[in-house]
Amino acid sequence: QSQFVESGGGLVQPGGSLRFSCVASGFTLDGDTIGWFRQAPGKEREWISCLITYDDSTYYGVTVKGRFTISRDNAKNTVYLQMSSLKPEDTAVYYCAAYPGFSYCTTNVVAEYEYWGQGTQVTVSS
């Protein structure tokens, strides 16, 4: 079975840091486009970052640029999202996702994504 398993969420104070990991099992991230999304209650799904494994190019939404970093470890079949300078408005459920091939990924459209993490809560609060 193919699985995309997230870990690393939790409660953090404003200004703090967290790192998410998503481990792919039963499929390979190499050759895929990888995205990160988040959704808060009552809010639309928001694309926040993606990585195209063809050349490891990375892209960020304006709300997280300069604070979040996406990367991968091909040997471990794992993608990471490093988050710093966290703000209360970053509170949401975060999802990793992936699809085979390489294409424009800086969008909220999710039809192409075939693999999804289970979702992990991040709460930023004093």
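Modeller: Gln 13 sits in the loop that runs between strand S2 (10–12) and strand S3 (18–25). Bear in mind that this is a predicted model. Gln 13 counts as exposed because its relative accessibility is 56%, and the cut-off for that label is over 50%. Setting aside residues up to four places away in sequence, Gln 13 touches Val 124 and Ser 125. Lys 87 is 74 residues away from Gln 13 along the chain, yet their C-alpha atoms are separated by 8.1 Å.

From the loop we can move on to the strands. S3 belongs to an open sheet of four strands, ordered S1-S3-S8-S7 and paired in antiparallel fashion. At the edges are strand S1 (3–7) and strand S7 (68–73), each of which pairs on one side only. From one strand to the next, the twist averages 15°. S7 is joined to strand S8 (residues 78–83) by six bridges in the antiparallel sense; in that pairing, Ile 70 has Leu 81 of S8 as its bridge partner.

One more residue is worth a visit while you have the model open. Asp 32 is part of strand S4 (residues 32–39). Asp 32 is buried but has no salt bridge: the nearest side chain of opposite charge belongs to Arg 72, 8.3 Å away. Apart from neighbours within four places in sequence, the contacts of Asp 32 include Phe 27, Leu 51, Ile 52 and Thr 53, and also among them are Ala 98, Tyr 99, Pro 100, Gly 101 and Phe 102.

Technical notes: Residues are numbered from 1 along each chain as its sequence is written. This is a predicted model: local features need pLDDT of at least 70, side-chain atom pairs count only at pLDDT 80 or more; totals for chains, interfaces and linings use all residues. Side-chain values use heavy atoms; hydrogens and water are left out. Helices (H or I, at least four residues) and strands (E, at least two) are DSSP runs, numbered from the N terminus. Buried means under 20% relative accessible area, exposed over 50%, partly exposed in between (1.4 Å probe, protein chains only). Lys and Arg count as positive and Asp and Glu as negative; His and the chain ends are not counted. A salt bridge is a side-chain nitrogen of Lys or Arg within 4 Å of a carboxyl oxygen of Asp or Glu. Contact means heavy atoms within 4.5 Å. Two strands pair if DSSP finds at least two bridges between them. Axes are lines fitted to C-alpha atoms, for helices over the stretch in contact, and angles run from 0 to 180 degrees between N-to-C directions.
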